[in-house]
Amino acid sequence: MSLNSSTAAGEPIAAEVVIVGAGPCGLFQVFELGLLGISAHVIDSLPGPGGQCTELYPDKPIYDIPALPVCGAQELVDRLMQQIKPFNPQFHLGQEVVHFARREDGRFSVATAAGTRFDAGAVVIAAGVGSFQARRIGIEGVEPFEGQSILYRVKDASALEGKRLVIFGGGDSALDWTLELTPRARSVTLVHRRAEFRAAPASVAKMKELVSAGRMRCFEALPHSLITADGALGGINIKAPDGAVHALEADHVLVFFGLHPKLGPIAEWGLDLEKKALRVDTEKFQTSLPGVFAVGDINTYPGKKKLILSGFHEAALAAFGIQHHLYPQKRQFLQYTTTSPIMHQRLGVPD
Ligand code: FAD
C-alpha cells in the first residue's frame with residue numbers, strides 16, 4: 001500500500017477506479033472493490049486518511065459499528081487501513097480534486113490541485129461533507145503572505161528554525177507545534193483568544209512551564225492587523241481583552257484555527273445535487289452520471305442517514321455497480337469471504 005504515490009508530471013495515471021475521499025467510507029470502498037478484484041487510487045485533500053474520524057474526533061469512542069461494541073474513531077481508521085492492505089490501494093494525499101470531466105470514450109479525467117492527473121474507468125465520490133480547509137486568519141491584507149510567511153499547515157519545520165514565530169490557536173495543533181518549535185525557533189509567542197485551551201492538558205501544562213522558564217511567551221488576544229514593510233511581513237498586532245493593541249515581531253505567523261469542510265469543486269461537476277449532497281439511486285449508489293458513484297455522507301436518497309454503517313452498505317452495493325459498469329459482460333456472483341477461494345487469494349489468506 002502506497003501512502004503517497006503521486007507523480008505530478010507526465011502522463012495521466014491509468015486507474016480502474018478513482019475514489020475521491022479517504023474517510024471511512026472511501027476506505028471501505030477500496031475493500032469492497034478489492035474483493036471483486038478491482039483496484040483503486042484514493043485521493044484526499046488531507047495529509048492522512050480517516051476523514052471526519054481523524055480530523056474531528058480521533059479520540060472519541062464510536063458505539064455503532066457492527067460487532068465492535070466500542071471503537072475509537074482513529075482506531076476504526078487504523079483497522080480499515082489494515083483491512084484494505086491486501087488490495088494495495090495507491091493513496092494521493094494532501095491533494096484536492098479540482099477537476100473532473102467525462103471523456104468522449106466514456107472514461108473520466110480527474111485532476112488534483114497539485115497537478116496529478118488520472119484517466120479512470122469509474123469514479124467514486126466519497127467526499128463526506130466536503131474537503132477540509134483551514135480556517136483563515138480574518139484580517140486585512142493577508143492574501144499575499146498566505147502559504148509564505150502566514151502558514152495554516154507546517155510542511156517543513158526546518159524552514160522555521162531560528163525564526164521569530166507567532167502561533168495562533170488553542171487546540172492540539174497550536175500547542176503541539178508550540179512545544180515542537182520552541183527549542184528550535186529564535187522566539188515563539190502563542191496567542192489564544194481565551195485563557196482556557198482545548199488542547200490536551202499535558203501539553204498546556206508543558207507550555208505554561210516554558211512560559212514560566214522564560215523560553216516563550218503566551219498572550220490572551222485576537223489578531224488585529226499585519227505589520228508590513230516594503231512588501232514583507234514584519235509582525236502582527238494583537239488586541240488584548242482590554243482593547244489595547246500590542247505589536248509582535250514575527251518572521252512567520254502560524255494559524256491553527258481548525259478546519260471547516262467545503263463542498264468546493266464537486267458542486268460544479270454537473271452532477272444532480274440536493275441540498276449540497278449528490279443524488280444517487282439505492283441499487284448501485286450511482287449519481288446522475290453513469291460511471292460516477294457516491295457513497296457516505298456526500299450522497300442523498302430517500303431515508304438517507306449520515307452514518308458510517310450506511311456508508312459501508314453503500315460501498316458494498318456500489319462495488320457491484322462499478323464492476324458492471326467496467327465489465328458489463330462479466331457475470332456477477334455473490335461470493336462469501338468465508339468460502340470463496342478467489343477472495344481468499346485476493347485477501348492473501350493462506351490455504
Ligand atoms: P468523511 O469522513 O467526511 O471523509 C471525506 C473525505 O473526503 C475527507 O477526508 C475530505 O478531506 C475528502 N474530500 C472531500 N472533497 C475532496 C476533494 N475535492 N478532493 C480531495 N479530497 C476531498 N457516525 C457514526 O456512524 N457513528 C458515530 O458514533 C459518529 N460519531 C460522530 C461524531 C462526530 C463528532 C462527528 C463530526 C461525526 C460522527 N459520525 C458518526 C459521522 C461520521 O463521522 C460520518 O458519517 C463519516 O465520517 C462519513 O464518512 P465519509 O467517508 O463519507 O466522509
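These exercises work through the ligand site and the domains of a predicted model.

**Exercise 1. Which residues are closest to the ligand, and how many surround it?**

Solution. Start with the count: 32 residues surround the ligand. The closest are Asp44, Gln52, Tyr57, Val97 and Asp297. Next, sort the shell by class: 16 residues are nonpolar, 11 are polar and 5 are charged.

**Exercise 2. Which helices and strands each supply at least two residues of the shell around the ligand?**

Solution. Two helices qualify, H1 (24–35) and H2 (51–56). The strands are S2 (40–44) and S9 (131–134).

**Exercise 3. Find polar contacts between the protein and oxygen atoms of the ligand, using a cut-off of 3.5 Å between N or O atoms.**

Solution. A polar side-chain atom of Tyr57 is 2.5 Å from a ligand oxygen, and one of Asp44 is 2.7 Å from a ligand oxygen. For the backbone, a polar atom of Ile308 lies 2.9 Å from an oxygen atom of the ligand. Each of these pairs counts as a polar contact because the cut-off is 3.5 Å.

Now turn to the cover. On its own the ligand has 1000 Å² of accessible area, and the protein covers 86% of this.

**Exercise 4. In which pocket does the ligand sit?**

Solution. The ligand is placed in the second largest pocket.

**Exercise 5. Into which domains is the chain divided, and how far apart do their C-alpha centres lie?**

Solution. First, list the bounds: domain 1 is made of 2–132 and 260–347, while domain 2 spans 136–257. Then take the C-alpha centres of domain 1 and domain 2: the distance between them is 37 Å.

How values were computed: Residues numbered from 1 in each chain as written. Predicted model: local features only at pLDDT ≥ 70, side-chain atom pairs only at ≥ 80, totals over all residues. Heavy atoms only, no water. Near = heavy atom within 4 Å. Polar contact = N/O pair within 3.5 Å; in protein donor to acceptor, adjacent residues only side chain to side chain. Areas by Shrake-Rupley, 256 points an atom, 1.4 Å probe, with all protein chains shown as cover. 1 Å grid on protein atoms, 1.4 Å probe; cavity = no way out; pocket = protein on both sides within 12 Å on 5 of 7 lines; lining within 4 Å. Sits in = over half its atoms within 2 Å of the grid points. Helix = DSSP H or I, 4+ residues; strand = E, 2+ residues; numbered from the N terminus. Nonpolar A, V, L, I, M, F, W, Y, C, P; charged D, E, K, R; others polar. Domains from an automatic or database assignment.
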